Each structure stands twice: as C-alpha cells, then as structure tokens.
Amino acid sequence: EIKSLQDRKTWNIVERSASGNKHVIPGTWSMKKKRYPDGRFRKFKARWCKRGDIERRKVGPTMDTYSPVVAWATVRMMLLLGLICGMKTTQVDYTNAFAQADLPDPEYMELPQYFKKELGNGLHDPIIQLNKSLYGGALAAKHWFNMLSKGLTDRGFRQSELDKCLFIRSDMIIVTYIDDCVHWYKDQDAMNAFVKSLKD
C-alpha cells in the first residue's frame, strides 16, 4: 500500500511548519482479509485512509461532497440494449482509484503508523503533504468522479443529462459505478485503443 501510494506520487513528506495554519488530519489503517467466493483465503489487504469523520467537521454539512451513483434503471436499460444490439461488454475496475485523483489544493496528514521512521526522511517533525486524494477523505469520491468524467469527455464521450454516470460516444457506451465501469461496444480494436489511452 505504501509503495503504491509513493509510486503514484500521492504525497510529499514535509516539515509540519510547511502546513502553515492548515489542519493536519490523522489517518487510519483499514485491514481486510480478501477471500474467494467459495470462502478460501486469497490475500491480506491494507489501505491507508484519511480520517474523513474529522475532516467532515471542517468541510461542513452544506458542501457537495458526493460522487453520483448510477441509477439501476440505467443499468437495466443498457443490459437490454446491449442484448438487442449485439454489443460486447467489458468491466473495468480502476486500481487504487481515489488515490489517482489530483487535489485542487494540497492537504496535510499525519504519517502512517508503523512507517514514521521509514518515511520521515530524517526530518524533525515530518507530516504528509497530499497531492492526490485518499480513501476515507470527505471529498475523495467527488475528486475521483470529476477526474474520471473529465478523462472520458476528453476522449470524446458525452455525459448524459439524465444520468451523470452514463457516458456515450458513437462507438461505445460506458456506465460508471464509483471505480467500476462497464463498457458496451461492437469494435474490439476501438475498445483496446480506449483502454490503452486510459493506461497511458
């Protein structure tokens, strides 16, 4: 988890004084045992998360913090349309999605427990300056959706006015659900080129 966040340049380690008067938010570890559908153990998973419960007090109750969620009527419509039109489907799950979204302004966090020595870089009082969003953050889902929708519109998709999670292009239709997307298409080469452009 730490290596993945570092590889994505999610943060810089800075002295606490660099935060000025900005609030330094604590974080927490989320630990899970992932299993196969039959119950067999698959892997341990750890995720370093922002304490969004503390951050929400600062954000306030009136601020728009959510990511839209697809209507099930849209999903049912697309499943039927895909069958009628003989379209192929591919499901894409974005890896560590929230941590890919850039923050409009830097935010500050305490260093992860158990890694303070390794990450501290010999600084007197080190903290994290976040460049990208993290799971648990009050605005994390919104930042991710804004980045995803911009990436899709930059690639020629039009966002539906009736369902913000439905994106349409002449050769492909995409339904998003947080960090999962289902693509409907007929041309496999167009789909491969689209996935490559996202990876690049």
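## Ground rules

What you see is a predicted model, so local features need pLDDT of at least 70 and side-chain atom pairs count only at pLDDT 80 or more, while totals for chains, interfaces and linings use all residues. Residues are numbered from 1 along each chain as its sequence is written, and side-chain values use heavy atoms, with hydrogens and water left out.

## The overall picture

The chain has 6 helices and 11 strands. These are DSSP runs numbered from the N terminus: helices are H or I with at least four residues, and strands are E with at least two. The C-alpha trace spans about 65 × 45 × 30 Å along its principal axes.

Of the chain's 200 residues, 41% count as buried. Buried means under 20% relative accessible area, exposed means over 50%, and partly exposed is in between (1.4 Å probe, protein chains only). Now take contacts, meaning heavy atoms within 4.5 Å. Among those with a separation of 6 or more, 68% are between residues 24 or more positions apart.

Isoleucine 13 sits in strand β1 (residues 11-15) and is buried, at 18% relative accessible area. Leaving out residues up to four places away in sequence, its contacts include Leu111, Leu119, Pro126 and Ile128. Valine 182 is another story: 169 residues from isoleucine 13 in sequence, and 37 Å away in space, C-alpha to C-alpha.

Histidine 183 belongs to strand β11 (residues 180-185). How much relative accessible area does histidine 183 have? The value is 0%, so histidine 183 counts as buried. Beyond its neighbours within four places in sequence, histidine 183 touches several residues, among them Lys88, Val92, Ile174 and Phe194.

Val69, Trp72 and Tyr177 make a nonpolar patch of about 340 Å². Patches are built from residues with over 30% relative accessible area and no salt bridge; like charges are joined within 9 Å, and nonpolar side chains (Val, Leu, Ile, Met, Phe, Trp, Tyr) within 5 Å. Tyrosine 177 lies in strand β10 (residues 172-177) and is partly exposed at 38%.

There's a positive patch too, formed by Lys32, Arg42, Lys43 and Lys45. Lys and Arg count as positive and Asp and Glu as negative, with His and the chain ends not counted. Strand β4 (residues 41-50) gives the most to this patch, with 3 residues.

## Charges that pair up

Side chains of opposite charge can pair when their charged atoms come close. This structure holds 9 salt bridges, each one a side-chain nitrogen of Lys or Arg within 4 Å of a carboxyl oxygen of Asp or Glu. In one of them, glutamate 110 meets arginine 16, with the closest N and O atoms 2.8 Å apart. That pair links distant parts of the chain, since the partners are 94 residues apart. Arg16 and Glu110 also join Asp125 in a network of salt bridges.

Which residue does glutamate 107 meet in a salt bridge? The partner is lysine 50, at 2.2 Å, N to O. Glutamate 107 is in strand β6 and lysine 50 in strand β4, 57 residues apart. Both glutamate 107 and lysine 50 are buried.

Notes:
Accessible areas come from the Shrake-Rupley method with a 1.4 Å probe; for residues, only the protein chains shown count as cover. The place of a charge is taken as NZ of Lys, CZ of Arg, CG of Asp or CD of Glu.
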